[in-house]
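Subject: Structure handover

Hello,

The structure is below, followed by notes on what was found in it. Please read the notes with the coordinates open.

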Amino acid sequence: MSDFQKFLSDIFLWIEGGAALIALCYFKRLKGQHWRYFIYYLIIIFISEVIGKWGREYISFSKTKYYNYIVIPFQFIFFYWLYAVKSFKDKRLFWILSLLYIISFILSRLFFRESKVYFSFSYTFGCLLLMFLVIKEYYNQVNSVNILNFQENRMFYINLGVTLFYIGTLPFLTFYSLLRAYIQIWNIYFDYFLISGIVMYVLFSISFIWGKQNS
């Protein structure tokens, strides 16, 4: 990584920690609301990233497998739950998407066994499922009677952050190995990956600060 990318990578991690800290400040105000689970999510992700960054100095483990089998699946399944169950009130949709995502892991092991930073097929498929939920959320927001007060909708900021990071970096992570042969393009997209991740967690923080408590 370049010095700029190392700087962004460090900022990314501490912005994640900042988002978790800001969310934690709203913990008491969200008593009885599902948004408390989003606070837990942000804390767990920050701890997971700290382990991924420095954990191997104390414990030997595969960073690739750690993200492929623990961190990334946790992220996808949580967002499936947040969108399907809490935003759309559709538990069946959550179970269908989660099952399809799990099946993609089986297919990855059977047909895509090559070592990559991410298992391209399962990540791509999981991200496409998330894209479906993102588009549906935008549709619901646009057609909501509260469209003029979108800035008070916590899901607006979360959806925008997910769009910029997960959807925006989909081609980069899907074709990660292929793009390594074109280092200039890879560097540009890696810069975007880091910057969009930072912006996403800033938006997550804003969702607690500006979002309505009952949204």
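In helix α6, the buried residues are R154, M155, F156, Y157, I158, N159, G161, V162, F165, Y166 and I167. Buried here means under 20% relative accessible area, with exposed over 50% and partly exposed in between, using a 1.4 Å probe and protein chains only. Helices are DSSP runs of H or I with at least four residues, strands are runs of E with at least two, and both are numbered from the N terminus.

On provenance: this is a predicted model, in which local features need pLDDT of at least 70 and side-chain atom pairs count only at pLDDT 80 or more, while totals for chains, interfaces and linings use all residues. Residues are numbered from 1 along each chain as its sequence is written, and side-chain values use heavy atoms, with hydrogens and water left out.

Back to α6. This helix is mostly covered, with 11 of its 14 residues buried. The cover over those buried residues includes α1 (3–25), α2 (35–54), α3, α5, α7 and α9. The expected span is 1.5 Å times one less than the number of residues in the helix.

Helix α5 covers residues 120–142, 23 residues in total, and reaches 32 Å from its first C-alpha to its last, close to the expected 33 Å.

- S104 is in helix α4 and is buried at a relative accessible area of 2%. Leaving aside neighbours within four places in sequence, S104 is in contact (heavy atoms within 4.5 Å) with F121, S122 and F125.
- F204 is in helix α9, residues 183–210, and counts as buried at 0% relative accessibility. Not counting residues up to four places away in sequence, F204 touches F38, L42, F79, I158 and V162. F204 and N159 are 45 residues apart in sequence, and their C-alpha atoms are 9.3 Å apart in space.
- Q5 lies in helix α1 and is buried, with a relative accessible area of 2%. Leaving aside neighbours within four places in sequence, Q5 is in contact with N187, F190, D191 and L194. Q5 and I195 are 190 residues apart along the chain, with 9.5 Å between their C-alpha atoms.

Now the whole chain. The protein has nine helices and zero strands. Its radius of gyration is 17 Å, close to the 17 Å that the globule rule gives for 215 residues, so the protein is as compact as a globular protein of that length. The radius is taken over C-alpha atoms, and the rule is 2.2 Å times the number of residues to the power 0.38. The C-alpha atoms fill a box of roughly 50 × 35 × 35 Å along the principal axes.

Buried residues make up 45% of the 215. Among contacts between residues at least 6 apart in sequence, 72% join residues at least 24 apart.

Regards
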